[in-house]
Amino acid sequence: MTTTAAINIGIISDTHGLVRPEAERALAGCTQILHAGDVGDADVLRRLERIAPVVAVRGNTDHGAWAKSLPVKEMVEIEKVFFYILHDLQQLDLEPSAAGIQVVISGHTHQPEIIRKDGVIYLNPGSAGHRRRDYPVSVAQVCIAEGVLTPRILEISR
């Protein structure tokens with residue numbers, strides 16, 4: 001029997017132009033990074049690309065020529081798992097389980113959260129950028145091992 005190695009997908013959002021060294025360390029070793037918007041500037045994406053290939057969507061504060069190249073929503077298939085990425089979960093315009101999506105990635109609220117509903121994981125990694133209120137600074141990872149998805153929030157600063 002052949003087993004495949006587990007892979008980790010890095011999830012980040014709401015950097016607002018700030019790439020913390022703690023975030024870079026938390027995402028090191030990931031095979032792909034998904035950024036759920038409010039990137040801040042193109043330099044954030046360049047820095048994350050040094051770690052792993054990045055798929056990013058545009059958030060409500062992403063403006064300018066660099067941001068226009070980012071889609072508002074994106075679907076990505078990784079290891080036969082479909083991820084749907086958007087910035088604001090309130091803008092979700094499809095039924096993920098009916099569309100075959102296993103993981104919905106969003107940001108916007110700056111509050112880290114993992115919810116499982118109707119066989120779908122809804123994951124908000126929280127904000128990896130500037131602190132808002134008393135929310136932790138965080139990123140997330142989704143481990144894919146033999147078809148099993150294990151999401152986790154990584155608090156990188158209190």
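A search of the whole structure, which is a predicted model, finds 1 cavity of 30 Å³ or more. The largest cavity has a volume of about 40 Å³, and the residues that line the largest cavity are H110, S127, G129, H130, R131, R132, Y135, P136 and V137. Sorted by class, the lining of the largest cavity is made up of 3 nonpolar, 4 polar and 2 charged residues.

Strand 8 supplies the largest share of the lining of the largest pocket, namely 3 residues. When the lining of the largest pocket is divided by class, there are 4 nonpolar, 7 polar and 2 charged residues.

A last stop is T4, a residue placed in the segment before strand 1, the strand that covers 7-12. T4 has a relative accessible area of 48%, and because buried means under 20% and exposed means over 50%, with partly exposed in between, T4 counts as partly exposed. Along the chain T4 and A145 are 141 residues apart, yet in the predicted model their C-alpha atoms are separated by 7.3 Å.

Conventions:
Residues are numbered from 1 along each chain as its sequence is written. This is a predicted model: local features need pLDDT of at least 70, side-chain atom pairs count only at pLDDT 80 or more; totals for chains, interfaces and linings use all residues. Side-chain values use heavy atoms; hydrogens and water are left out. Helices (H or I, at least four residues) and strands (E, at least two) are DSSP runs, numbered from the N terminus. Ala, Val, Leu, Ile, Met, Phe, Trp, Tyr, Cys and Pro count as nonpolar, Asp, Glu, Lys and Arg as charged, and the others, Gly among them, as polar. On a 1 Å grid over the protein atoms alone, a cavity is a set of points where a 1.4 Å probe fits but cannot get out, and a pocket is an open set with protein on both sides within 12 Å along at least five of seven lines; lining residues have an atom within 4 Å of a point. Grid points are joined across faces, edges and corners, and a volume is the space filled by probe spheres set on the points. Buried means under 20% relative accessible area, exposed over 50%, partly exposed in between (1.4 Å probe, protein chains only).
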